[in-house]
Every structure is written in C-alpha cells, then in structure tokens.
Amino acid sequence: MSDAYCVPLTRLVEEFHLEVAFRSTDFESVQLTVEDVARPGLQLAGYFDHFEPMRLQVMGNAEMSYMEKMNAKEQTTIYGRLFSYKFPALLLARGFEPGQSCLDMAKKHNVTVLCSNEATSTVVSGIITFLRTALAPRITRHGVLMEVYGEGLLLIGESGIGKSEAAVELLKRGHRLIADDAVEIRKIGENSLVGTAPALIRNYIELRGIGIINVAKLFGMGAVKAENEINLVVNIVPWNTQELYDRLGLEEQYMEILGAKIPQNTIPITPGRNLAVILEVAAMNNRQRKMGYNAAQEFTEQMNNHFAQVGSEA
C-alpha cells in the first residue's frame with residue numbers, strides 16, 4: 001500500500017475508544033502508514049527475521065499468557081528487545097493491562113501502549129478494515145456520482161452536458177446523490193472503487209441558471225448518501241451523426257481508474273432524450289449483467305439460431 005497516505009495514531013485511538021496506558025512523547029505525531037497489524041508471537045520468543053516495525057503490534061490472550069510464564073527479568077529482556085524496534089504502538093486486547101516490565105521498557109524506548117476490552121480477533125479485523133479504507137489509493141475526478149437501484153453510477157462528460165440536471169431528475173425519482181462536480185475515488189480492492197464527495201461540497205448540486213442547492217434540505221436526508229461503490233461509468237456525449245454507436249450492447253467498454261477496470265456505457269444525447277430514464281435502465285441492465293444475464297447476447301443467439309434454421313429449410 002502506498003505510503004502517500006497515513007492515519008494519525010490519535011485518530012485510531014478515538015475511532016476504537018482505546019485506553020492509553022502509556023503515552024509516548026511523540027504520541028500526537030505518530031502515523032500509521034500500512035493497513036496490516038501484527039501479533040508478535042515469534043518476536044516474544046526472540047525471532048525477528050521478517051519483522052515489520054511499521055505495523056501496529058497487537059497482543060492478545062496467547063501472547064499475554066506466554067509472558068505471564070516469564071519472571072520479571074525475562075519479561076524486561078523480552079519487552080526491551082521488542083520495543084527497541086520502535087513500532088507505532090503496542091495494543092493489548094481482551095482487557096489485559098501492561099505489567100511493570102512492559103511499561104518500563106515502553107518508557108525507555110518511547111513507544112505508546114494502548115488497551116482495549118474487545119476480543120483480539122474483533123479489534124484486529126476492525127482496525128485492518130478501518131486502515132484499508134483510510135490508506136486506500138485515491139484520486140479526484142470531475143463528474144457526478146449517484147446511487148440508482150443500488151448501483152453506483154459515475155456520470156462523466158464535458159462541462160455543461162447535463163450531468164447535474166440528470167442527477168436532479170434522478171433525485172425526484174427517488175434515487176440518491178453521493179457527489180456532484182468532484183468525486184473522490186478510493187481503491188479498496190483489486191477491482192473495487194468507492195466514491196464520496198469532498199467535505200466542502202457534500203450534499204450540494206450546482207444547477208446553471210438556478211445556482212447552488214442543498215439536496216439534503218430540499219429533497220430530504222434520504223436523498224443523499226455519504227459514499228457508494230462505483231459499479232458503472234456512464235460517459236455522456238453529444239450526439240454525433242458521423243459516429244457509429246453500438247446499438248446491440250455487445251461491445252463491452254471499460255474505464256480504468258487507479259488500475260481497476262469499471263464497466264462503462266457511452267450514452268449519446270440529443271434534445272428531448274429522457275436521460276434520467278436511460279440512466280435507470282443502464283443501472284438495471286448492469287445489475288443483470290453482474291448476475292449473469294446479458295440481453296444483447298441472448299438476442300444475438302436467438303437471431304443466429306433463427307437464420308440458421310431458415311438457411312437449413314431453404
């Protein structure tokens with residue numbers, strides 16, 4: 001994962017309601033830059049090959065039970081060796097409290113010690129999920145992101161083409177706005193993108209001739225959503241009589257964003273076309289394709305079978 005993004009340790013403490021047993025002098029400036037956390041079982045036994053000091057270290061029942069079998073001198077040696085690697089923090093799960101040897105070595109090497117009452121697996125999975133989202137690669141794209149029938153539609157096209165107007169029509173039809181004008185896109189999986197709006201313009205739409213409207217106040221809180229997966233890119237273009245458009249839908253188009261390939265439809269528009277209805281159909285059709293049904297392929301197979309049958313009867 002790219003280290004261009006980071007999460008302050010203080011934010012993690014606040015998000016998961018962690019108790020600070022020892023606060024290092026650099027506590028406010030410590031940053032987490034990798035999404036994984038580690039349980040230092042082998043390290044407590046003295047094996048530090050392949051140890052990743054960039055990761056948050058989490059100790060649960062197994063690690064603490066192991067340490068309790070050691071006398072005070074052995075604990076001091078083990079903790080001293082562990083803390084010497086200067087990782088972001090040590091988190092004790094399951095309500096365990098740090099012993100004196102742990103606190104002494106944490107102070108000596110200036111490493112924060114945190115505590116949680118949650119089960120180890122629960123807190124580990126929660127932190128990994130949180131960090132994966134917070135540290136995901138991201139990019140900002142011009143466009144409109146709507147949720148239509150559960151599908152995230154990213155509307156793109158030249159300025160003034162009618163993206164915001166289509167979004168308002170979709171809002172009137174019961175769908176939800178995620179972002180208008182600028183969409184912040186994060187890659188959270190191999191082929192999974194999530195879009196949201198920059199905080200300053202969240203819930204707002206700009207309509208030429210009217211100005212800025214607050215969607216949440218005008219249409220209600222049910223008309224907005226904080227974020228949504230991007231399932232389909234819709235490229236809205238002016239109708240060009242010289243252009244050949246795919247009329248069957250057999251040609252599969254994709255747009256690559258942050259290395260992820262997202263299905264794309266190119267929709268040519270002319271005055272009088274009901275863009276909102278077309279976008280609804282595009283969303284439903286994309287959903288069907290994900291479920292394994294492709295109307296264009298079915299239609300083509302029927303036509304081929306028909307002509308083959310006619311040919312055999314001739």
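## Close-up views of the predicted model

**View 1. V194 has E229 of strand 14 standing opposite.** The model is predicted: local features require pLDDT of at least 70 and side-chain atom pairs count only at pLDDT 80 or more, while totals for chains, interfaces and linings use all residues. Residues are numbered from 1 along each chain as its sequence is written, and side-chain values use heavy atoms, without hydrogens or water. Strand 11 and strand 14 are antiparallel partners over 3 bridges; pairing takes at least two DSSP bridges. Strands are DSSP E runs of at least two residues and helices H or I runs of at least four, numbered from the N terminus. Strand 11 spans residues 192–196; 5 of its 5 residues are buried, so the rest of the structure largely encloses this strand. Buried means under 20% relative accessible area, exposed over 50%, partly exposed in between (1.4 Å probe, protein chains only). S192, V194 and T196 point one way, L193 and G195 the other.

**View 2. Strand 10 and strand 11 are joined by a hairpin through 2 residues.** The two strands are antiparallel, with 5 bridges between them. R186 has V194 of strand 11 as its bridge partner. Strand 10 (residues 176–189) also pairs with strand 8, again antiparallel, over 10 bridges. Two residue pairs can be picked out here: I139 stands opposite I185, and L145 bridges to A179.

**View 3. An open, mixed sheet of 8 strands runs in the order 14-11-10-8-9-15-17-16.** Strand 14 (227–229) and strand 16 (253–257) are the edges; each has a single partner strand, so one side of each lacks a neighbour in the sheet. Neighbouring strands are turned by 40° against each other on average, direction ignored. Helix 9 packs on this sheet and touches strand 8, strand 9, strand 15 and strand 17. The direction of helix 9 makes about 130° with that of strand 9. Axes are lines fitted to C-alpha atoms (for helices, over the stretch in contact), and angles between N-to-C directions run from 0 to 180 degrees.

**View 4. Strand 8 and strand 9 form a hairpin with 2 residues between them.** Y149 sits in the turn and has a positive phi of about 55°. The strands run antiparallel and share 5 bridges. V148 faces E151 of strand 9.

**View 5. Helix 7 and helix 9 pack at about 70°, with axes 9 Å apart.** The two helices are therefore roughly perpendicular. That class covers 65 to 115 degrees; under 35 is roughly parallel, over 145 roughly antiparallel and the rest oblique. A166, E169 and L170 of helix 7 meet L275, A276, L279 and E280 of helix 9; contact means heavy atoms within 4.5 Å. This contact has 5 nonpolar, no polar and 2 charged residues.

**View 6. M146, L153, I205, V234 and L279 touch the most other members of the largest nonpolar core, which has 29 residues.** Such a core is a set of buried Ala, Val, Leu, Ile, Met, Phe, Trp, Tyr and Cys residues joined through side-chain atoms within 4.5 Å. At least two core residues come from each of strand 8 (138–148), strand 9 (151–156), helix 7 (163–172), strand 12 (204–207), helix 8 (215–219), strand 15 (232–238), strand 17 (260–269) and helix 9 (275–290). Leaving aside residues up to four places away in sequence, M146 touches E151, G152, L153, A167, L170, L171, H175, R176, L177 and I178.

**View 7. I205 stands opposite I213 in strand 13.** Strand 12 and strand 13 (residues 211–214) are antiparallel partners over 4 bridges. Their hairpin has 3 residues between the strands, and G209 takes a positive phi near 95°.

**View 8. M59 lies in strand 5, residues 56–59.** M59 has 0% relative accessibility and so counts as buried. Its C-alpha atom is 6.2 Å from that of L91, which is 32 residues apart along the chain. M59 touches P40, L44, M64, M67, Y79, L90, L91, L92 and A93, residues up to four places away in sequence not counted.

**View 9. A 5-strand open sheet has the order 2-7-6-5-4 and mixed pairing.** Strand 2 (19–22) and strand 4 (37–38) are at the edges, each with a single partner strand, so one side of each has no neighbour in the sheet. V37 has L56 of strand 5 as its bridge partner.

Notes. Nonpolar A, V, L, I, M, F, W, Y, C, P; charged D, E, K, R; others polar.
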